[in-house]
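Hello,

Here is the structure I promised to pass on to you. Please open it next to this email, and then read on for what I found in it.

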Amino acid sequence: MHEASAVIRLAKGGDSAAIQDLYLELTGDVRVHVLPEQIEAMHADPATHLLVCDVAGDIYGTALLSLCADAMYGKQPFATVENIIVASAARGAGLGRQLMASIEAICAGHDCSKIMLLSSSSRSDAHAFFASYGFSGDKKRGFVKYRSQFRTA
């Protein structure tokens, strides 16, 4: 795909199959199951922005942006970004840059103090992309605990 101009928009329930395909490409996890009703519920939540890169009606990328209330700086929230993916067939066409620009614009519009994201430690190409967009992996360290590792009382 050559340089493409995408419409970055909130996902709708009808985008669920395309988003599921992107998540499968990202994770390889066949248990991924994207529900249209969950996307619609997220669409209705003002703190949740499930974004898609729509190029002529086809979905080539997605990212989940969550605005998180915080007590540290008055009413200023911070943001987290998860599940950022551009389809491998569309990489290099500028879609990731358009997606990140939209994320930053939303965060600036909500006066977020920062944007945090995690990336799998093996995704060095993604790390280089995030660094080129101003994200630093040197200042903080991320930790993850999956549900299967939760301690139960």
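This is a predicted model: local features need pLDDT of at least 70, side-chain atom pairs count only at pLDDT 80 or more; totals for chains, interfaces and linings use all residues.

Val-144 has a relative accessibility of 47%, so it counts as partly exposed, because exposed would take over 50%. You will find Val-144 in the segment after α4, the helix of residues 124-132. Leaving aside residues up to four places away in sequence, Val-144 touches Leu-118 and Gln-149. Leu-118 is 26 residues apart from Val-144 in sequence, and the two C-alpha atoms are 9.0 Å apart in space.

Now to the sheet. Five strands form an open sheet in the order β1-β2-β3-β4-β5, with mixed pairing. β1 and β5 (115-117) stand at the edges and have a single partner strand each, so one side of each is left without a neighbour in the sheet. From one strand to the next, the twist averages 30 degrees. As background, strands of a sheet pair through backbone hydrogen bonds, in either a parallel or an antiparallel way.

How many of the eight residues of β2 are buried? Eight of the eight residues, 48-55, are buried, so β2 is largely enclosed by the rest of the structure. In a regular strand, side chains alternate between the two faces of the sheet. For β2, both faces are covered: on one side Thr-48, Leu-50, Val-52 and Asp-54 are buried, and on the other His-49, Leu-51, Cys-53 and Val-55 are buried too.

β2 also has its pairing partners. With strand β1 (residues 7-10), β2 pairs in the antiparallel sense over four bridges, and there Val-7 stands opposite Asp-54. With strand β3 (residues 58-68), the pairing of β2 is again antiparallel, over eight bridges; here Val-52 has Thr-62 as its bridge partner.

Next, have a look at the turn. β2 and β3 form a hairpin with two residues between them, and Ala-56 lies in this loop. Most residues other than glycine have a negative phi. Ala-56 has 80% relative accessibility, so it counts as exposed.

Asn-83 is another residue to check for its backbone angle. Its phi is positive, near 50 degrees, and Asn-83 is a residue other than glycine. Asn-83 lies in strand β4 (residues 78-86), and at 28% relative accessibility it counts as partly exposed.

Finally, the rings. The structure holds three aromatic pairs. In one of them, the rings of Phe-130 and Phe-135 have their centres 6.4 Å apart and their planes at 70 degrees, so this pair is edge-to-face. Phe-130 has a relative accessible area of 7%, so it is buried. Phe-130 and Phe-135 also belong to one aromatic cluster, together with Phe-129 and Tyr-133. For another ring, turn to Phe-78: Lys-114 lies over its face, at 5.8 Å from the ring centre.

Enjoy exploring, and write back with any questions.

Best wishes

Notes: Residues are numbered from 1 along each chain as its sequence is written. Side-chain values use heavy atoms; hydrogens and water are left out. Buried means under 20% relative accessible area, exposed over 50%, partly exposed in between (1.4 Å probe, protein chains only). Two strands pair if DSSP finds at least two bridges between them. Axes are lines fitted to C-alpha atoms, for helices over the stretch in contact, and angles run from 0 to 180 degrees between N-to-C directions. Contact means heavy atoms within 4.5 Å. Rings of Phe, Tyr and Trp (its six-membered ring) pair if their centres lie within 6.5 Å; planes under 30 degrees apart count as stacked, over 60 as edge-to-face and the rest as tilted. A charge sits over a ring if NZ of Lys or CZ of Arg is within 6 Å of the ring centre and within 35 degrees of the ring normal.
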